[in-house]
Amino acid sequence: MRRHRLTHFLATIIVISSGIVMLIGLSVKPGTMPADLASFTLEVVSVTAAIAVLLGLLNLLTVHLNRFIKAEHGWPYSIITLFTAIFVLVLRMLDHVDVWPDDMAGEQVSPHLFEAVQVSLESALAALLVFFLVYAAYRLMRREVTPWHILFTMAVVIVLLGWIPLENTEALADLREWLVQVPVSAGARGLLIGVGLGTVTVGVRVLIGQDRSFWG
Amino acid sequence: MTPDNLDLIAGWVSLVLTLFIFSYLLGDNVLYRIAVHVLVGVAAGYAVVVAVESVIVPWLNQTLGETLDVFIFGGDAEGRSTLTLTWLGILGIFPFLIGALMLLKYSPQYARVGNLGMAFIIGVGTAVAIVGAVAGTIIPLTREAGESIEDSALNGLIIMVGTITTLIYFQYYAVERGGDIVRPRIIRTASAVGRVFITLTLGALYAGAILTSLAIFSDVIRDQLQFILDRVGG
């Protein structure tokens, strides 16, 4: 218990000191010693984040390997994930070693794979979203008609219709323009400023050691 | 195998995976799940490739690599002292030490020691978030809200009222009145006005999301149809 308290105390000290060093470094003029220290610390954190990505992959592979070994529900899908992750890594290594035949000399195969698989899948998923967004808007009104639902749907319809380049509908386009530039801009600003104020409040609580909920 | 063949294979793979994803319109099915698991594997693999090639290797080259080059392979120190080079090597290892500490979080017994590595990242991340929120969000947006009055008084006033009432909507200030806890009338009124602005904003953002995904949908359909037509046409 005493050891746990010590690590907790040390962790809090590290949070406070590294946070204050960064706050000072990011607030002073570039080129000064604190600014350089902050820039170096940021570089260290970005390398650490890259190492965390490595650890994340290790965790992903372990989880799927366990699912496959224990033949848990959905294990065939785990083989697919394991195979594709390892395949990408091996392909990249082969690209570096340049083992491809003469016709392909100097060619990088992994960017083709990236284009064919990741870009295609992400685009298809984003494209699929249109059906669910429209269906969700339809269900919103079907479930219950309240003044707020009507207002929400009106905003959606005005923005969508105002976007269509129809003839003699300048008034609709103008209304859309005004809606986006005035009330929507005001609401978005209010929300973003609120998020900013919330971030500052939580950040300050963390840096003064009041909020330690993230230790679990 | 030629680069043209590679493009052809990539095109077919792209078409098949796109169809697998679109099969979700018929309900959750095996093909969709296969495509999603392929995406998880490929995305994880690429994230590691980018992390290693763009961050870890350049860092090691700049720090530990320089030290090892001079001390072990007898490279040029470029006027740097032994102490500087030693420090460079130690600093090069530092992120890996933090990474090793994070690895301890896997162990229930040593998870708390792993918190020390996380503490450093949280401290730095929090400071960056605070500075980013103040310098990148609060100050510029507040200034813009003030400046909008100069362009058009009425619109500027609406923007000011909208921004302030939106913020008030998230205030839960309440007072005790006759044994009940109630929000003051002025706060309730301002909050209702704020809710109008929030609803309009979310509606417009929702429409924006529909338009974006519609544009992507038309792009995907056009690309895949073009690929099929190219094959059919020889």
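How are helix 1 of chain B and helix 7 of chain B oriented to each other? In this predicted model, local features need pLDDT of at least 70 and side-chain atom pairs count only at pLDDT 80 or more, while totals for chains, interfaces and linings use all residues. Residues are numbered from 1 along each chain as its sequence is written, and chains are lettered from A and ligands numbered from 1 in the order in which they are written.

As for the helix pair, the axes (lines fitted to C-alpha atoms over the stretch in contact, with angles from 0 to 180 degrees between N-to-C directions) come within 10 Å and cross at roughly 130 degrees. Helix 1 and helix 7 of chain B are therefore oblique to each other; under 35 degrees would count as roughly parallel, over 145 as roughly antiparallel, and 65 to 115 as roughly perpendicular, with the rest oblique. Helices here are DSSP runs (H or I, at least four residues), numbered from the N terminus. On the helix 1 side, B:G11, B:L15 and B:T18 meet B:V220, B:Q224 and B:F227 of helix 7, contact being C-beta atoms, placed from the backbone, within 7 Å.

Helix 1 of chain B also holds B:L6. This residue counts as partly exposed because B:L6 has 18 C-beta neighbours inside 10 Å; 20 or more would be buried, 12 or fewer exposed.

Turning to the chain contact, 93 residues come from chain B and 94 residues from chain A. On the chain B side, helix 5 gives the most, with 23 residues.

Conventions:
Contact = placed C-beta atoms within 7 Å. Helix = DSSP H or I, 4+ residues; strand = E, 2+ residues; numbered from the N terminus.
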